[in-house]
Amino acid sequence: MSTENAPGAPPPAAPPPVIVLVRPQLGENIGKAARAMLNFGLTELRLVTPRDGWPNPDAGPAASGADIVLAQARVFDSLAAATADCTHIYATTVRKRGVSKPVLTPEDAARQVRATAGRSAYVFGAERSGLETDDVALAHSIVTVPINPEFGSLNLAQAVILLAYEWSKGEALASPPEAPLDPVAPHAEYEELIQHFVRDLDAAGYFFPVDRKASTLRALRTMLTKTGWSYNDIRMMHGIVTILGRTPRSR
């Protein structure tokens, strides 16, 4: 028996948003946008009148393996057609004159996407000109990224990745596996290495003038003990110092 409308049943999860690129110019940028999407679990890409047509041979290499996104990409003649099945449309742009829309941050938009029944779309404009006023008029909300006012230039893939990342925070995406670090070596190992340095440096005449030997040793000790080296790191340094102190082999 279906529990879709049963009292107390949790509402169905909102589907992932689609990414719509309006009049994208370069296949390379489409590929980079696809890569950004797949990094954060988005796979549905829609293209509105790409300048150089579709498929584009420059998209694949730039996608760096996000082939599933490119293979499933759909092309539309208009933004209205590309978003016809969407219940909420977000225009990523600065606020346009004559267009009054709610303005959200990427975080706010992601939260709203998850709370909205039906399909949502993030819409991005062409690389040089962005979205036209008529494109923004079709949207329900505007998404604007807080950015340095002295340098507000984002490329297409950067804009896509910012919105995709905020949406992904609610997903169970796996973090890269953590490689455990070697434990820090005990202080006795540091002392042994320091004395190894001192012996070889002394033999090489490094401590000159003699009256500065104490301060030089202090500086050497400070440098070596603040590194957090592991036992293996210190063993390697012993080997380096030993090799440097040997007479070079004849070749």
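Reader: Is Phe40 buried or exposed in this predicted model?
Author: The structure is a predicted model. The relative accessible area of Phe40 is 19%. Buried means under 20%, so Phe40 counts as buried.

Reader: How many aromatic pairs are there?
Author: A pair of aromatic rings is described by the distance of the centres and the angle of the planes. Ring centres must lie within 6.5 Å to pair. By this rule, the number of aromatic pairs is two.

Reader: Which kind of aromatic pair do Phe40 and Tyr165 form?
Author: The centres of the two rings, Phe40 and Tyr165, are 5.5 Å apart, and 70 degrees separate their planes. Because planes over 60 degrees apart count as edge-to-face, the pair of Phe40 and Tyr165 is edge-to-face.

Reader: How many residues apart are Phe40 and Tyr165?
Author: Phe40 belongs to the loop between helix 1 (27-39) and strand 2 (45-48). Tyr165 lies in helix 7 (residues 156-168). This pair links distant parts of the chain, with a separation of 125 residues.

Reader: What does Tyr165 count as by its relative accessibility?
Author: The relative accessibility of Tyr165 is 39%.

Reader: Why is the pair of Tyr90 and Tyr122 edge-to-face?
Author: The ring centres of Tyr90 and Tyr122 are 5.6 Å apart. Edge-to-face requires planes over 60 degrees apart. The pair is edge-to-face because the angle between the planes of Tyr90 and Tyr122 is 65 degrees.

Conventions
Residues are numbered from 1 along each chain as its sequence is written. This is a predicted model: local features need pLDDT of at least 70, side-chain atom pairs count only at pLDDT 80 or more; totals for chains, interfaces and linings use all residues. Side-chain values use heavy atoms; hydrogens and water are left out. Rings of Phe, Tyr and Trp (its six-membered ring) pair if their centres lie within 6.5 Å; planes under 30 degrees apart count as stacked, over 60 as edge-to-face and the rest as tilted. Helices (H or I, at least four residues) and strands (E, at least two) are DSSP runs, numbered from the N terminus. Buried means under 20% relative accessible area, exposed over 50%, partly exposed in between (1.4 Å probe, protein chains only).
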